[in-house]
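These are my notebook entries on a single chain.

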Amino acid sequence: MIRRGGVGRFLSPRMRLLFARIIVVVGILLGLIAILTGRWGLLFAGIIIVGLGAAFGPARRRGG
């Protein structure tokens, strides 16, 4: 069996959850800045980033 070296550690459930939380926080901050400054493009980008962060969350983990 071939081991993937550092890739397995990078994609561990704990690291995926950490990255998901960071991505969601960045998206929320971007959305908040967009609302305060009135820039609708940034708000749209923030919503997309929050969605990407949610896709990385623990509910998306596949068994195996």
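Entry 1. Is Arg21 buried or exposed? I find Arg21 exposed, with a relative accessible area of 55%; by the cut-offs I use, buried means under 20% relative accessible area, exposed over 50%, and partly exposed in between, with a 1.4 Å probe and protein chains only. Arg21 has its place in helix α2. I also looked up its separation from Phe56, 35 residues apart from Arg21 along the chain, and the two C-alpha atoms are separated by 8.7 Å.

Entry 2. Basis of the values. I note that this is a predicted model, in which local features need pLDDT of at least 70 and side-chain atom pairs count only at pLDDT 80 or more, while totals for chains, interfaces and linings use all residues. Residues are numbered from 1 along each chain as its sequence is written, and side-chain values use heavy atoms, with hydrogens and water left out.

Entry 3. The chain as a whole. I recorded three helices and zero strands, in the order α-α-α along the sequence. Helices (H or I, at least four residues) and strands (E, at least two) are DSSP runs, numbered from the N terminus. Of the 64 residues in the chain, 14% count as buried. The accessible surface comes to about 5,400 Å², and 71% of it belongs to carbon and sulfur atoms; the areas come from the Shrake-Rupley method with a 1.4 Å probe, and for residues only the protein chains shown count as cover. Taking contact as heavy atoms within 4.5 Å, I find that among contacts between residues at least 6 apart in sequence, 47% join residues at least 24 apart.

Entry 4. Helix α2. What span should the 25 residues of α2 have? At 1.5 Å a residue the expectation is 36 Å, and the end C-alpha atoms are 36 Å apart, which agrees; the expected span is 1.5 Å times one less than the number of residues. The buried residues of α2 are Ala20, Gly27, Gly31 and Ala34, and what covers them includes α3 (40-55). Just after α2, Gly38 takes a positive phi of about 80°.

Entry 5. A surface patch. Ile22 is found in α2, residues 13-37, and is partly exposed, with a relative accessible area of 44%. With Leu18, Phe19 and Val26, Ile22 forms a nonpolar patch on the surface, with about 320 Å² of accessible area together. Patches are made of residues with over 30% relative accessible area and no salt bridge, like charges being joined within 9 Å and nonpolar side chains (Val, Leu, Ile, Met, Phe, Trp, Tyr) within 5 Å. A salt bridge here is a side-chain nitrogen of Lys or Arg within 4 Å of a carboxyl oxygen of Asp or Glu.

Entry 6. Helix α3. I find 16 residues and a reach of 23 Å from the first C-alpha to the last, close to the 22 Å expected at 1.5 Å a residue. Leu43, Gly46 and Gly53 are buried in α3. Seen down the axis of α3, these buried residues fall within an arc of 80°, so they line one face of the helix; the arc is that of the directions from the helix axis to the C-beta atoms. They pack against α2. On the other side of α3, Trp40, Gly41, Phe44 and Leu52 are exposed.

Entry 7. Val50. Which residues does Val50 touch, not counting those up to four places away in sequence? I find Val24, Gly27 and Ile28. Val50 is found in α3 and is partly exposed, with a relative accessible area of 27%. The C-alpha atoms of Val50 and Leu29, 21 residues apart along the chain, are separated by 9.9 Å.
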